[in-house]
Amino acid sequence: MKSIISAMSTPLASIFGSGFLVIVPILAGAVGQYSVIAMGFICLLAYFVGEVIRYNIKYVEPELSKGASNKTLVLEKVSDVSLILAYVISVCLYLHILSAFVLNGIGQDTPFNESLLTSVIILLITAIGLFKGLNSLEGLEKWALGITLLIIVILCFSFFNYDASLLSTASMFKYPTASDYSVWEVTTILGGALIVVQGFETSRYLGHVYDAETRIKSSRYSQYLSAAIYIIFVSLALPIVHQLNGNYNDHSLIELVGIVSAVLITPLILAATLSQFSAAVADTIAASGNMVEIGKGVVTEKQGYLLVGIGAFILTWTVNTFEVLALASRAFALYYLLQCFVAYSITKSLLKRCLLILISIVLGFITVFAVPVG
């Protein structure tokens, strides 16, 4: 059990990397009082996708190690390339959110300042990678996860107390109003929120540390725990959201926390800074590692860091936080879609093939149509 708990740190760090910071304004802006239901559907979809990843750990990996069919090998390679793209986008996303929280904390949050600070941090990470290597920073992940989970628990407790106080004045206890979006618009926005529960797939790439059974259990348990925390978090925050008067942005959580307890704003910003920086470093390392593996000597680790930095830098000046979040969702949906194709290529079960087709249709929709809120 100890090894499973240890193995859970990577997927949990990725799942909570940015999601808890932006999920409330995303859902409130899209579906208002139905946010908890929407969160449940997002977690359910993520769980089914996670089952595909876990199936591939159990059945595809042995096939690949002993020589799978050309179709499976090609699909796996294409999937790896798409994952690199997803990681580059997620690096930009994490640092955009970091910048939004830091700048809001000092009253300087403008689109230009956000892009500027994000660029500076990208250059810093790239420079460390080129001159010292990023492996020395990997230890930040567990510290960031511990601090993030502690902050989430404190916020949930604070939201609960505030909600309880609202119950004494029934007229004050109300939920945000649902938007005027059509069913199609809501569906495409929620599709763009898939990234907030992304991270369970990282267990697939820990084979050099843990055996298959440990990785499968750690991935599944991580999804159980994160789904429960997300649903509780959204449920407790929702009665306070109406006080934002429908004005939602990438740092709305700071405003919500300020309503409940101004004392918690600084710890929240510090937790956001550490978690986003750590997540960006982890994804830079992962993307570079995949480039090295796919390139087979053509690309070095340091060249990989440079390529990730260039890609994230370009994105920073092209899209805002919610736009890059939807873009990241589409990129990871593409990766998950390709993983469905990989699983389909080896399974002989008709039932599993039908389930894979259904999941693929949903992921294909997200890949093509997901849009940012607002």
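Reply: The account below begins with the salt bridges and then turns to the nonpolar regions.

The model is predicted, so local features require pLDDT of at least 70 and side-chain atom pairs count only at pLDDT 80 or more, while totals for chains, interfaces and linings use all residues. Residues are numbered from 1 along each chain as its sequence is written, and side-chain values use heavy atoms, with hydrogens and water left out.

A salt bridge is taken as a side-chain nitrogen of Lys or Arg within 4 Å of a carboxyl oxygen of Asp or Glu. By this rule there are three salt bridges. In the pair formed by Arg54 and Glu51, the closest N and O atoms are 2.8 Å apart. Both residues belong to helix H3 (residues 35–66), and because they are three residues apart there, about one helical turn separates them. Helices here are DSSP runs (H or I, at least four residues), strands being E runs of at least two, all numbered from the N terminus.

Buried means under 20% relative accessible area, exposed over 50%, and partly exposed in between, with a 1.4 Å probe and protein chains only.

Glu51 also forms a salt bridge with Arg220, with closest N and O atoms 3.2 Å apart. This pair links distant parts of the chain, since Glu51 is in H3 and Arg220, 169 residues away, is in helix H8 (residues 212–241). Arg220 is partly exposed, at 21%. The remaining pair is Arg215 with Glu61, whose closest N and O atoms lie 2.8 Å apart. Arg215 is in H8 and Glu61 in H3, so this pair ties together parts 154 residues apart in sequence. Arg215 is buried, at 4%. Shared partners join Glu51, Arg54 and Arg220 into one network.

The nonpolar regions come next. A nonpolar core is a set of buried Ala, Val, Leu, Ile, Met, Phe, Trp, Tyr and Cys residues joined through side-chain atoms within 4.5 Å. The largest such core has 115 residues, of which Leu155, Phe233, Leu253 and Leu268 touch the most other members. Its largest share, 15 residues, comes from helix H4 (residues 70–105). Contact here means heavy atoms within 4.5 Å. Leaving aside residues up to four places away in sequence, the contacts of Leu253 include Phe20, Phe101, Leu155 and Phe233.

Elsewhere, Ser119 is found in helix H5 (residues 111–131) and is buried, with a relative accessible area of 4%. Its side chain makes a polar contact of 2.7 Å with that of Trp317. Such a contact is a pair of N or O atoms within 3.5 Å; within protein, one must be able to donate a hydrogen and the other to accept it, and residues adjacent in sequence count only if both atoms are side-chain atoms. Beyond four places in sequence, Ser119 touches Phe313, Thr316 and Trp317.
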